[in-house]
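Please walk through the chain shown below, taking its sheets, helix packing and backbone exceptions in turn.

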Amino acid sequence: MASIMHGEYKVHGGKLVVVDLEVHNGSLANVSVSGDFFLEPDEALDDINRALNGLDAASPASEIADAISAVLPAGVVLFGFSAQAVAIAVRRALAKATSWLDHSWDIIAPTVLPTAVNVALDEVLAREVGAGRRNPTLRFWDWNEPSVVIGSFQSVRNELDPAGVEKFGINVVRRISGGGAMFMEAGNCITYSLYLPQSLVDGLSFEDSYKFLDSWVMAALESIGVQAFYVPLNDIATDQGKIGGAAQKRLSNGAMLHHVTMSYDIDAEKMVQVLRIGKEKLSDKGTRSAKKRVDPLRRQTGLSRAEILTTMSETFTQRYDAQPAELTLAELAEAAALVESKFGTDAWLNRIP
């Protein structure tokens, strides 16, 4: 007799979707979708269950969602959930997709390291998670030298003003994830990286995966009086301005990197002398608008950077039962080697001049 498989998915900002099912000869059977969502008319739930029964159990989430959408007649209202949400719950029931609590999480406290080493560690630790040699991990960055970390696909000459870079002694490094440039002086940003299996975001769109992976940090910010939200695709903002941005990189070994930098006490005047993109975006508004657009957490909270980091760490730990961990000597050695062969080289930095 086939065993009943159970999967749950809580929609970000929405409702809980629950799926119970069996697998007979490689196909879904006796599927039952339930939850605290709203659906009109009631009979549409039978349509959803019928669409799922008989599907190949190896179907990706996109095909499962398409099968549901195909059978729903015009006028059906799904409130608090979606065909995609049901597909994720199905994949979780089949153990193809995972939830936060399916994993043992580690958390690495801020450690002062050269910026190039921090960037190299993102590649090293993501690989380690994908290979199963390290638990999924949250790592907070720290650094001393003034730096700009540019996105994997950005042009050096288009993003940076050489005069500003030289004037302020800026260390420029290219990372493996996409997105925009990060202006990072010591103590002016809060930066963290998540290394996780892609199964955690199975079935989510790229846009939804950003919000999903940062739900814990939104809760942490709310606890200190900051009502933050995502502005698609990857900006984090409040009603007072942008406070940060995220970037991702998915590796071929099944792991992924999710990386976020938030402004704590950014020097807007210096930033627009270093970043060309800052000058262009603010060319008709003046430097005063830079302070409004990239709005520091220090001003919004009145808290020290250390206090905000502690709140974030505690929130993540409580939500996901994370355990303290440290970088290993082998990981640090591998990161140092990557700096020598890749991240510290002109060839890598100027691969898009």
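Which residue of strand 9 is the bridge partner of valine 148? The model used to answer this is a predicted one. In strand 9, the partner of valine 148 is valine 172. This pair belongs to the contact between strand 8, residues 147-150, and strand 9, which run in the parallel sense and are joined over four bridges. Helix 4, residues 115-130, packs on the sheet and touches both strand 8 and strand 9. The direction of helix 4 makes about 10° with that of strand 9.

The sheet itself is open and has three strands in the order 9-8-10, with mixed pairing. Strand 9 (171-174) and strand 10 (182-184) stand at its edges with a single partner strand each, so one side of each has no neighbour in the sheet. On average, neighbouring strands here are turned by 20° against each other, direction ignored.

A second open sheet is formed by eight strands, in the order 12-13-14-15-11-7-6-16, and its pairing is also mixed. Its edge strands are strand 12 and strand 16, each of which pairs on one side only. Neighbouring strands of this sheet are turned by 25° against each other on average, direction ignored. Within the order, strand 7 (residues 137-142) and strand 11 (residues 189-197) run antiparallel and are joined by four bridges. Threonine 137 has tyrosine 195 as its bridge partner in strand 11. Helix 8 packs on this sheet, where it touches strand 7, strand 11, strand 12, strand 13, strand 14 (241-250) and strand 15 (255-263). The direction of helix 8 makes about 145° with that of strand 11.

Helix 8 also has a helical partner. Two packed helices are described by the angle between their axes and the distance between the axes. For helix 8 (residues 215-223) and helix 13 (residues 305-320), the axes come within 9 Å and cross at roughly 125°. The two helices are therefore oblique to each other, and helix 8 passes helix 13 in a right-handed crossing. On the side of helix 8, the contact is made by Ser215, Trp216, Val217, Ala219, Ala220, Leu221 and Ser223. Helix 13 contributes Thr311, Met312, Thr315, Phe316, Arg319 and Tyr320.

Another packed pair consists of helix 1 and helix 2, whose axes come within 9 Å and cross at roughly 135°. That angle makes helix 1 oblique to helix 2. The crossing in which helix 1 passes helix 2 is right-handed. Asp47, Ile48, Ala51 and Leu52 of helix 1 make the contact with Ile64, Ala67, Ile68 and Val71 of helix 2.

Which residues of helix 2 are buried? Within residues 61-71, they are Ala61, Ile64, Ala65, Ala67 and Ile68. These residues cover an arc of only 155° around the axis, which puts them on the same side of helix 2. The spacing follows a general rule: an α-helix has 3.6 residues a turn, so residues three or four places apart point the same way. On the other side of helix 2, Asp66 and Ala70 are exposed. The buried residues of helix 2 pack against helix 1 (44-52) and also against helix 3 (83-93).

The loops hold some backbone exceptions. Most residues other than glycine have a negative phi, and most peptide bonds are trans. The peptide bond from glutamate 40 to proline 41 is cis, with omega near -5°. Proline 41 is found in the loop between strand 4 (38-40) and helix 1. Another cis peptide bond joins proline 232 and leucine 233, with omega about 5°. Leucine 233 lies in the loop between strand 12 (229-231) and strand 13 (235-238).

Positive phi values occur at alanine 95, where phi is near 65°, and at aspartate 321, where phi is about 55°. Alanine 95 is placed in the loop between helix 3 and strand 6 (106-112). Are alanine 95 and aspartate 321 buried or exposed? Alanine 95 is exposed, with a relative accessible area of 61%. Aspartate 321 counts as exposed at 57% relative accessibility, and its place is in the loop between helix 13 and strand 16 (323-325).

Key:
Residues are numbered from 1 along each chain as its sequence is written. This is a predicted model: local features need pLDDT of at least 70, side-chain atom pairs count only at pLDDT 80 or more; totals for chains, interfaces and linings use all residues. Side-chain values use heavy atoms; hydrogens and water are left out. Buried means under 20% relative accessible area, exposed over 50%, partly exposed in between (1.4 Å probe, protein chains only). The arc is that of the directions from the helix axis to the C-beta atoms. Contact means heavy atoms within 4.5 Å. Two strands pair if DSSP finds at least two bridges between them. Axes are lines fitted to C-alpha atoms, for helices over the stretch in contact, and angles run from 0 to 180 degrees between N-to-C directions. Angles under 35 degrees count as roughly parallel, over 145 as roughly antiparallel, 65 to 115 as roughly perpendicular and the rest as oblique. A crossing is left-handed if the near helix is turned anticlockwise from the far one by less than a right angle, and right-handed if clockwise.
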